[in-house]
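The sequence and model are shown first, and the analysis follows.

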Amino acid sequence: MAAHRKPSQRPFSGHTARTAVTLALAGAATATGFDGTGHAEPQLTPEQVKAKVDTLYREAEAATEKYNGAKEKADASQRRLTSIQEEAARKQTKLNSAREALGSIAAAQYRDGGIDPAWQLALSSDPDRYLDGAALAERAGDRQAAAVSQVRGQLREIERLRGAARIELTSLRSRQAELNRHKKTVTGKLAEARRLLAQLTPRQRTEVTRAGGTSAPRVSRSAADPREPLEQAGAAPAPTSRATAAVAYAYGKLGSPYVWGATGPNAFDCSGLVQAAYRSAGISLPRTSYAQINAGRRVSRSELQPGDLVFFYSGISHVGIYVGNGRMIHAPNPSAPVRVAPIDEMPFAGATRVT
């Protein structure tokens, strides 16, 4: 029986225990590396950073245009709500005055006792005079009935306005929630782009953000001749005076910072720059790039003239102003100011002539 007894196991010695713990920790570290937690992010090359940042900027710009569109609708909803509230307040003032007038009539009737007209006639010492007074009272009663009807109509109108205000307020809150969603998307992607760029040296960041842009002289908006920027650039003249003025404005904003949601005068996003340039020329354009492409007559790439709006990406998420010689002025992204760039640097989606 003793021969079949299981041999007793010796407890770990100090050295053996330390070895086991070391192996266990090593295994845990290896497992952690495999499942991706606690593992240092591999160092990206400048080219990889640029590719990731370009994607983030493109996605952020698409979200920015959606934000701009939602903000435009939210602002319009706010204006409608304010108008409804102001109209309701004016009608409430009129209703209060009508109610006070009815209250005065009711008080007078109470003081007179409200005696039945037949008894008043029977008890009157001068029936003819009473009948004249009764006719006057009847006419007064007709006016009173009309006043009551008017008050009822005002009450119905105020209730209608209150209902419209409730609907508009619901719409406004929905637009504001949409604004917040797009804002969160934009800020998140821009923060990630900044984090990636921070991994580069200053020289690498400059090379990454400079790619695609070209330098051009900054032109004063107060130039006597708005055609001067086109002549300096050696480009063909714009087809109309308004297009010329819009291009001159864009040249005058070279070097201005990109700020998402901005429409000038000192900072812009892509559609904000286009809107501001044509506003200066007396033409009102929609706020977003995907609406601006439908604001004029479509033209082919081969027909482009200075002042035409050029659009990029399948979602029409970027826009610039064509200035001739295959180049445009646009607000690229937070890493680059308003600048001149070739239209070939992004996937061309279409063009529109608004003058």
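## Criteria and model

A salt bridge is a side-chain nitrogen of Lys or Arg within 4 Å of a carboxyl oxygen of Asp or Glu. By this rule, the count comes to 12 salt bridges.

The model is predicted: local features need pLDDT of at least 70, side-chain atom pairs count only at pLDDT 80 or more, and totals for chains, interfaces and linings use all residues. Residues are numbered from 1 along each chain as its sequence is written, and side-chain values use heavy atoms, with hydrogens and water left out.

## Salt bridges

Arg 166 forms a salt bridge with Glu 159, the closest N and O atoms being 3.5 Å apart. Glu 159 has a relative accessible area of 40% and is partly exposed; buried means under 20% relative accessible area, exposed over 50%, and partly exposed in between (1.4 Å probe, protein chains only).

For the salt bridge between Arg 160 and Glu 157, the closest N and O atoms are 2.6 Å apart. Both residues belong to helix α4, three residues apart, about one turn of the helix. Helices (H or I, at least four residues) and strands (E, at least two) are DSSP runs, numbered from the N terminus. Arg 160 is partly exposed at 44% relative accessibility, and Glu 157 is partly exposed at 22%.

Arg 301 and Asp 344 form a salt bridge with their closest N and O atoms 2.1 Å apart. Arg 301 lies in the loop between β1 (297–299) and β2, and Asp 344 in the loop between β5 (339–342) and β6 (348–353), so this pair ties together parts that are 43 residues apart in sequence. Arg 301 is partly exposed at 38% relative accessibility, whereas Asp 344 is exposed, with a relative accessible area of 59%.

## Nonpolar cores

A nonpolar core is a set of buried Ala, Val, Leu, Ile, Met, Phe, Trp, Tyr and Cys residues joined through side-chain atoms within 4.5 Å. The largest such core has 56 residues, of which Tyr 278, Leu 309 and Ile 329 touch the most other members. Elements that each supply at least two of its residues include α4 (127–197), α8 (270–280) and β3 (318–324). Helix α2 gives the most to this core, with 12 residues.

Leaving aside neighbours within four places in sequence, the contacts of Ile 329 include Tyr 251, Leu 273, Ile 321 and Val 340, where contact means heavy atoms within 4.5 Å. A second, separate core of 10 residues includes Val 310, Tyr 313, Met 328 and Ile 343.
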